[in-house]
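Let's take a walk through a protein model together. Have the sequence and the 3D view open while you read.

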Amino acid sequence: MRNNNVLGIVFASVGDERLGELTSRRSVASVPFGGRYRLIDFSLSNLVNAGISKVGLITKSNYQSLMDHVGSAKSWGLDRKNGGLHILPPYGRASSGVYVGQVDALYGIKHFLRRSSEQYAVICNSNIALNIDIADMVEKHISSGADITIAYKHGALPTNDGDVMSLTLNDGRVNRVMMYTDSKGECDYSLGITVISRMLLMALVDKAVAANKTDFARDIIMPNVEGLVIRGYEHKGFMAVMDSVQGYVDANMQLLAPNVRADLFNKERPVYTKVKDSMPTRYGIGSNITNSLIADGCVIEGTVKNSILFRGVRVGKGANIENCIIMQGTEIGSGADLKYLTIDKEVKVGNNRSLCGSPSYYVYVSKGETV
């Protein structure tokens with residue numbers, strides 16, 4: 001694949017509404033994940049690892065945190081004169097304001113698509129953590145002669161994602177598409193990653209907009225199953241869709257398994273993130289850490305079990321933390337007892353406080369709260 005012949009397009013806000021308070025102040029793309037990453041890191045890294053050097057990032061709302069994270073995009077090698085990362089504003093047609101649906105969003109960036117010279121486009125969502133070989137996907141798309149190629153996974157459908165497509169394939173070709181059903185069995189379902197020629201994408205978007213259509217899956221993919229050659233590309237590795245707050249928790253906790261970490265953070269296709277020059281984590285005398293992910297810059301003087309701690313978390317003496325996700329800059333007081341919690345950034349938990357959720361219901365503590 002020629003790396004200058006493929007354009008990346010990333011949606012920053014697909015699935016915002018499903019993550020509750022986690023996305024009350026940020027887009028899904030900037031939700032913290034895995035101790036030191038944001039969800040946008042996976043989309044950008046997948047594209048960059050495929051040699052794609054021009055990416056359009058479509059924003060919508062609550063995107064200040066996202067802008068702070070990506071900055072000049074230097075961490076992904078996208079700070080360049082030619083190509084690089086393009087932040088695309090959340091407006092569709094002049095008369096419609098903020099876009100409604102992905103079709104409207106793509107129509108709103110038509111000027112960006114027209115000015116681009118790349119032959120192909122890879123469209124990605126940001127509400128999924130996976131490490132996929134986009135280069136191989138594009139090569140198979142080109143060699144097969146497909147009009148559209150959709151990345152898919154075989155397994156149980158995500159529980160709360162009502163916009164996911166389930167696919168029926170015959171010898172690699174998609175011959176039927178259905179939207180989310182209540183089926184409890186396994187099927188082939190879309191991962192929200194699509195390869196398509198840039199010119200065909202613009203033509204299909206123009207046609208959909210002319211008919212007042214807004215949904216990419218329902219109004220572009222489904223009506224063209226018979227008329228276009230749509231093929232599937234199976235991803236067999238780990239992936240997690242952030243389709244609910246509990247889904248987010250489950251995805252994080254799966255990272256405690258070494259085989260999951262090895263698959264998601266593949267050394268051959270690194271996951272890049274914003275670099276912060278923090279000091280190494282310090283472990284006090286008497287601290288006890290078991291089966292946990294601890295980012296840099298932490299100070300731990302208590303007990304941490306089966307938990308994920310982001311950068312700069314401080315755990316006081318005698319504190320006990322079990323099965324928790326604790327985000328950047330949070331301070332846990334001495335003697336505190338915390339179990340089954342998701343604690344957002346810069347929270348202060350006082351001395352000897354006790355907070356407890358359950359394995360099926362993690363209690364969420366909002367950013368900046370004092371408990």
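Is Gly-368 buried or exposed, or something in between? With a relative accessible area of 45%, Gly-368 is partly exposed. (Buried means under 20% relative accessible area, exposed means over 50%, and partly exposed is in between, using a 1.4 Å probe and protein chains only.)

A quick word on where this comes from: the model is predicted, so local features need pLDDT of at least 70 and side-chain atom pairs count only at pLDDT 80 or more, while totals for chains, interfaces and linings use all residues. Residues are numbered from 1 along each chain as its sequence is written, and side-chain values use heavy atoms, with hydrogens and water left out.

Back to Gly-368, which sits in the segment after strand E28 (363-365). Helices (H or I, at least four residues) and strands (E, at least two) are DSSP runs, numbered from the N terminus. Leaving aside residues up to four places away in sequence, Gly-368 touches Lys-345, Glu-346 and Val-347, where contact means heavy atoms within 4.5 Å. Thr-330 is 38 residues from Gly-368 in sequence, yet 8.4 Å away in space, C-alpha to C-alpha.

**Strands side by side**

Now look for an open sheet of five strands, in the order E15-E18-E21-E24-E27, with parallel pairing. Two strands pair if DSSP finds at least two bridges between them. Strand E15 (288-290) and strand E27 (354-356) stand at the edges with a single partner strand each, so one side of each has no neighbour in the sheet. E15 is joined to strand E18 (residues 303-305) by three bridges, and Ile-289 stands opposite Val-304 in E18.

Ser-166 has Met-178 in E10 as its bridge partner. The two strands form a hairpin with two residues between them, and Asp-171 in the turn has a positive phi of about 55°.

**A helix with a buried face**

Just after H5, Gly-145 takes a positive phi of about 75°.

**Rings that meet**

The whole structure holds six aromatic pairs. Rings of Phe, Tyr and Trp (its six-membered ring) pair if their centres lie within 6.5 Å; planes under 30 degrees apart count as stacked, over 60 as edge-to-face and the rest as tilted. Here are two of the pairs:

| Pair | Centres | Planes | Type |
|---|---|---|---|
| Tyr-37 and Phe-265 | 5.0 Å | 25° | stacked |
| Phe-42 and Phe-265 | 6.2 Å | 45° | tilted |

Tyr-37 lies in strand E3 (residues 37-38), 228 residues from Phe-265, which is in the loop between helix H9 (258-264) and strand E14 (282-283). Phe-42 belongs to helix H1, so its pair with Phe-265 ties together parts 223 residues apart in sequence. Tyr-37 is buried at 12% relative accessibility, Phe-42 is buried at 1%, and Phe-265 is partly exposed at 22%. Ring pairs link Phe-33, Tyr-37, Phe-42, Tyr-248 and Phe-265 into a cluster.
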